[in-house]
Amino acid sequence: MTETLELLGSAAFWGAVLRIATPLILGTLGVLLCERAGVLNLGIEGIMVAGAFVGWLVVFQGADLWTGVLAAAAAGALLGLLHAGLTVGLALSQHVSGLGITLLATALASYAYRVSFPKVDSPPTITPFAPMTWLPVPVLNTQTALTLLALVLVPLVAWVLYRTPLGLAIRMVGENPAAAEGQGLSVAGLRTGAIVAGSALMGVAGAFLTLSAFNAFFFTMVNGRGWVCVALVVFASWRPGKALAGALLFAFFDALQLRLQQAGGGVFGVELPYQLYLAVPYLMALVALVLVARRAAYPQALMKPYRKGER
Amino acid sequence: MADTVLRLQGITKRFGSLVANDGISLALERGEVLALLGENGAGKSTLVSILFGHYVADAGTIEVFGRALPPGQPRAALAAGIGMVHQHFTLADNLSVLDNVLLGTEPLWRPSSARAAARATLRDTAARFGLAVDPDARVGELSVGERQRVEILKALFEHGTKRGARILILDEPTAVLTPQESESLFATLGRMVAEGLSIIFISHKLDEVLRVSHRIAVLRGGRLVAELPAADADTALIAEAMVGRRVAPAVKRAYALGEVVCELPAGPGSSSLQVRAGEVVAIAGVAGNGQQALAGALCGEHAPAGGGAVKVRGQPLPARPRAFVRAGVARVPEDRQAVGLVGELPVWENALLERYAEPAFARLGLRRRAPAQAHARAIVERFDVRGTEAAGLATPAAALSGGNQQKLILGRALTGGGDGRPPTLIVADQPTWGLDVGAVAYVHQQLLDACAAGAGVVLISEDLDEIFALADRIAVIHAGVLTEARPAREWTLAAIGLAMAGGGGSVRPSGETAHAA
Amino acid sequence: MRLERRTQPSARALLLAPLAAVAFTLAVTSLLVLWAGAPVGRAYALLLEGGFGSRFALTETLTRATPLILTGLAAAMAFRARLYNIGAEGQLYAGALAAVAVGGLHGGTGFELAPALLFPLMIGAAMLAGALLLLGPALLKSRLGVDEVVSTLLLNFVVLLVVSALLDGPMKDPSAMGWPQSVALQDALQLDRLIERSRVHTGLVAALVLAVALWALLRFTTLGFEIRALGSGPRAAAFAGLPVARTGVVVALLSGALAGLAGAVEVAGRAGYVTLDMSPGYGMSGIVIAMLAMLNPLAVVAAAVFVAGVFVGADSMSRAVTVPTFVADVIVAVALIAMLVATMLTQYRVRWGTPR
């Protein structure tokens with residue numbers, strides 16, 4: 001018990017929490033943007049893989065780290081454009097289109113990696129972002145600039161959604177597209193824009209993994225984090241502030257289980273298999289989904305394809 | 001009050017062979033309330049949609065404040081000062097009143113919304129017109145009357161790049177309001193007129209129209225058939241103008257009446273309904289007045305509004321479709337494509353949608369195709385369902401034309417009285433909607449034949465011609481309230497028109513002309 | 001741009017759709033092959049040969065197709081009823097584990113029963129495991145409105161971790177020299193070879209029989225009718241009085257059981273024991289196969305053989321030219337998207353401009 005308390009007091013622990021939370025924050029914001037506009041984007045898992053790979057590759061080829069981040073965002077945006085074309089343009093099932101994009105993006109990234117590095121024993125590395133030691137804030141100064149970016153993006157996205165005409169328009173197409181059209185706004189244009197922007201964020205989330213958290217690309221990097229983000233959006237009631245809270249909460253438990261695993265002491269003296277600890281995040285996401293399902297204030301037009309002119 | 005703010009000249013619009021608007025010319029003065037009356041299908045919605053830019057007229061011109069209005073552009077209509085409050089609100093429940101009103105008033109690229117200014121303007125506008133709303137309330141929590149106020153405010157609101165409307169079109173605004181809310185609305189209309197706004201008020205409720213409007217225009221069959229100051233209006237006259245002069249329907253041969261086959265319990269304010277074997281009871285009413293709930297209860301989809309249970313042949317039935325089918329209720333739903341048929345499945349499977357599990361057609365979970373297809377073929381032949389020539393009974397139901405789909409549904413319903421007996425009760429909800437003359441006549445004949453064979457028929461329809469051709473007794477539904485079903489010959493056209501407009505069974509004394517101030 | 005429904009897709013369009021999708025897929029893949037620096041024509045030839053061009057290739061393809069047919073059927077049946085089961089991977093592993101638990105514990109002899117009795121018990125346990133695993137998300141969907149896509153996806157990870165834990169612990173094979181693999185099934189419970197000197201096992205027969213059986217179920221039985229009606233016309237089905245809730249549960253059990261069976265068949269037919277990497281994405285591939293087959297059980301067999309052939313051929317091709325094996329994943333993913341678009345275009349016409 002005292003060990004746990006000690007843990008909670010250590011800066012290293014909270015540093016780990018922030019580190020784990022960063023891709024979740026970025027990914028959840030990305031899904032949030034898409035779903036606020038009324039479109040489910042199950043491509044996130046694949047887009048994160050693609051973002052991780054593209055960002056890393058660009059840096060490996062000699063570009064600086066921020067160019068890598070931009071490249072990852074661009075990759076995400078491109079995949080988002082495809083998803084928009086399929087779901088908004090062609091009104092295909094958002095579920096199947098998203099899954100298809102996850103499969104495609106993962107396959108393409110893996111393929112491209114193998115083509116670029118046919119014979120490697122250990123994955124080639126790059127120099128990742130350095131911790132922001134110049135920052136006078138404790139815990140935060142052990143994090144990289146991308147974490148700061150993620151934290152800044154939360155109020156920024158909230159600002160855009162709630163305080164700008166563009167954000168209002170995006171929210172409206174996710175609630176009542178007919179109302180938006182009645183005001184002469186383009187539902188298709190707004191949805192596409194939201195999906196592209198959200199997917200760019202997902203790409204950056206992936207880039208964090210290769211450019212900040214680690215320094216190389218592994219095939220199983222993302223490991224279901226994209227799906228966790230989808231669950232977190234529901235848990236966060238589609239609000240950026242709550243998304244941050246949810247991501248931090250989730251990361252807290254994830255960091256906790258990691259530490260407990262490492263400490264090896266088990267819980268209350270009972271030795272538990274490490275897999276159980278690893279399963280905690282997914283189970284949490286499931287539980288979160290179930291808890292909020294009944295009360296969920298879904299954007300009312302979510303997953304309903306809009307046919308222009310239909311009244 | 002002398003200048004014309006809106007002038008429609010010779011507006012004509014065709015949809016295929018249907019002439020929705022035929023040479024309509026109207027003028028609207030400043031500070032005037034013009035009421036637009038007419039039955040469903042009379043052309044009111046089309047005219048207004050043309051005005052607002054959703055459709056382009058085939059002929060005719062529109063002038064707003066002396067300037068020609070470019071056709072087919074809602075933005076142009078908005079910019080010219082025309083605002084519309086639709087019957088079906090376009091509001092986002094999860095967003096606040098301010099959000100809903102603010103949409104589209106500022107250019108998208110602005111980095112910040114002038115929300116404080118907008119909130120102030122909103123409060124101002126609301127106060128000016130007597131439309132009390134809380135800008136930060138969530139729309140989903142508002143009452144229907146409050147939501148309508150938000151819709152009206154949307155039109156009147158002036159902010160950013162949006163001008164407030166000077167001409168307001170209200171489409172059936174009191175259809176969803178309580179009497180008190182309607183009073184509140186009339187007060188608002190009065191203030192709008194005082195501020196120099198002009199209003200087009202679409203309604204089918206005569207008493208309200210007489211109360212608030214200065215002039216009345218009546219549409220029928222796409223044409224403007226009457227236009228007169230409200231002061232000169234007589235309710236009976238107007239009602240007849242709405243429903244038109246008809247040749248007195250041939251007296252329908254009355255069939256021998258049998259036992260009571262269906263009883264619907266009375267609801268709040270509504271009469272109960274009894275149907276006997278051999279009779280047709282028609283429910284007349286303007287669309288959207290509660291027909292869906294009534295049909296749903298009679299088809300077993302849900303319990304009746306007033307509680308209790310529907311009784312068929314004296315037996316109360318649980319609110320389950322299967323129970324109704326087994327009790328011999330033949331159901332013809334309003335939405336033939338989404339509710340009546342499964343479009344992707346072949347005709348023969350649709351023909352058995354309700355009876356596929358009966359012993360004649362399935363044994364131990366295995367379907368007996370031969371009897372099933374024979375049954376389907378019999379339906380197709382007997383009911384003249386066309387469209388299966390090319391691919392036979394395997395043709396997907398969605399490939400049939402509307403008329404043939406209806407014949408298929410009808411055939412299925414009329415041959416499915418549980419184990420092949422003729423049905424006990426037929427519930428036909430808008431059975432001839434969208435059909436050509438031939439198909440309509442066919443459907444009517446089938447219903448009458450079923451009656452002769454001893455079934456009771458409940459016919460829900462918006463078409464008075466149809467009702468008078470078929471019904472023994474007629475009840476009228478208005479705002480969810482069902483009147484007593486009286487013998488057809490006791491209804492005059494005027495009385496039915498009035499009842500459909502909410503005037504109950506009595507005729508208002510004419511000359512009552514209390515206008516909005 | 002807007003979509004306008006066609007009145008009736010012509011038979012020609014329905015046939016052209018998959019072909020057009022395949023053609024597009026090949027075109028896109030050619031670009032990737034070029035990028036890898038390999039000659040396109042030769043690469044495709046090797047792919048074809050590696051997947052179908054020799055006795056060995058064919059048997060390998062058929063072996064690989066066996067679980068794919070089953071997971072494809074699992075996805076097809078679920079998707080038919082609009083239940084998006086993305087958890088086939090987890091259900092497969094659950095089934096495999098259940099099979100080994102029944103047939104392999106107690107030092108490899110399983111429970112104290114004759115193999116003839118133990119075998120059906122084993123299969124039954126596997127199917128039950130898979131079915132129960134999907135029943136949860138299905139009920140969550142119908143009762144609480146929880147999206148089954150995310151819930152089944154998350155469960156996949158949980159199941160895999162449970163399997164890993166069990167393989168490290170109670171189900172570990174002590175004689176496996178430290179590798180995490182489960183105890184093996186007794187020989188008597190393992191499936192026979194179907195074709196000599198190959199890895200094709202009788203599980204293939206079972207898969208084919210099931211494909212035909214499910215096709216017959218959909219076409220000839222009342223349950224099949226209920227599934228089809230519910231999937232394509234839920235409102236009409238409810239109005240007509242079809243047992244909507246009951247059918248939903250049956251479909252969930254059926255789909256999960258099929259995926260669980262895939263796991264059991266893989267264990268009994270191939271290695272004889274469970275490892276963590278025994279399924280290289282069979283569950284996910286099953287979804288793609290189901291979509292390629294347009295949810296038709298018989299077409300699932302063809303699609304499964306196609307996908308299996310692509311993977312086997314890619315393996316073989318990658319040994320001869322410098323094209324990574326991931327090309328198979330790309331081919332399958334592109335084929336899926338192309339197929340979706342092609343199918344949609346058979347039902348809708350694209351019109352440009354605004355309606356008036």
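Modeller: Before we start, two strands pair if DSSP finds at least two bridges between them. Keep in mind, too, that this is a predicted model.

Biologist: Thanks! Which residue of E20(B) does B:Ala284 stand opposite?

Modeller: Happy to trace that. E13(B) and strand E20 of chain B, residues 456-461, pair in the parallel sense over 5 bridges. Within E20(B), the residue opposite B:Ala284 is B:Ser461.

Biologist: And in E21(B), which residue stands opposite B:Ala284?

Modeller: Strand E21 of chain B covers residues 473-478, and its pairing with E13(B) is parallel, over 4 bridges. There, the residue opposite B:Ala284 is B:Val476.

Biologist: Nice. Which residues point the other way from B:Val280, B:Ala282 and B:Ala284 in E13(B)?

Modeller: In a regular strand the side chains alternate between the two faces of the sheet. Strand E13 of chain B, residues 280-284, is mostly covered, with 5 of its 5 residues buried. B:Val280, B:Ala282 and B:Ala284 point one way, and pointing the other way are B:Val281 and B:Ile283.

Biologist: Let's move to the helices. Are H14(B) and H15(B) roughly parallel or roughly antiparallel to each other?

Modeller: Two packed helices are described by the angle between their axes and the distance between the axes. Helix H14 (residues 402-414) and helix H15 (residues 437-452) of chain B pack with axes 10 Å apart, at an angle of about 5°. Angles under 35 degrees count as roughly parallel. H14(B) and H15(B) are therefore roughly parallel.

Biologist: How many residues of the contact of H14(B) with H15(B) are nonpolar?

Modeller: From H14(B) come B:Gly403, B:Gln406, B:Lys407, B:Leu410 and B:Leu414, and they meet B:Ala439, B:Tyr442, B:Val443, B:Gln446 and B:Ala450 in H15(B). The residues of this contact include 3 polar and 1 charged, and the nonpolar ones number 6.

Biologist: Now for the chains. Which helix gives the largest share of the side of chain A that touches chain C?

Modeller: The contact takes 39 residues from chain A and 43 residues from chain C. On the chain A side, helix H5 (94-116), helix H10 (225-235) and helix H12 (274-293) each supply at least two residues. The largest share, 13 residues, comes from H5(A).

Biologist: Last one: how many residues of the side of chain B that touches chain C are charged?

Modeller: Here 28 residues of chain B are in contact with 18 residues of chain C. Helix H10 (321-326), helix H11 (336-340) and strand E18 (366-367) of chain B each supply at least two residues of that side. Its residues include 17 nonpolar and 4 polar, and the charged ones number 7.

How values were computed: Residues numbered from 1 in each chain as written. Chains lettered and ligands numbered in written order. Predicted model: local features only at pLDDT ≥ 70, side-chain atom pairs only at ≥ 80, totals over all residues. Buried ≥ 20, exposed ≤ 12 C-beta atoms within 10 Å, placed from the backbone. Contact = placed C-beta atoms within 7 Å. Nonpolar A, V, L, I, M, F, W, Y, C, P; charged D, E, K, R; others polar. Axes fitted to C-alpha atoms, helices over the stretch in contact; angles between N-to-C directions. Parallel < 35°, antiparallel > 145°, perpendicular 65-115°, else oblique.
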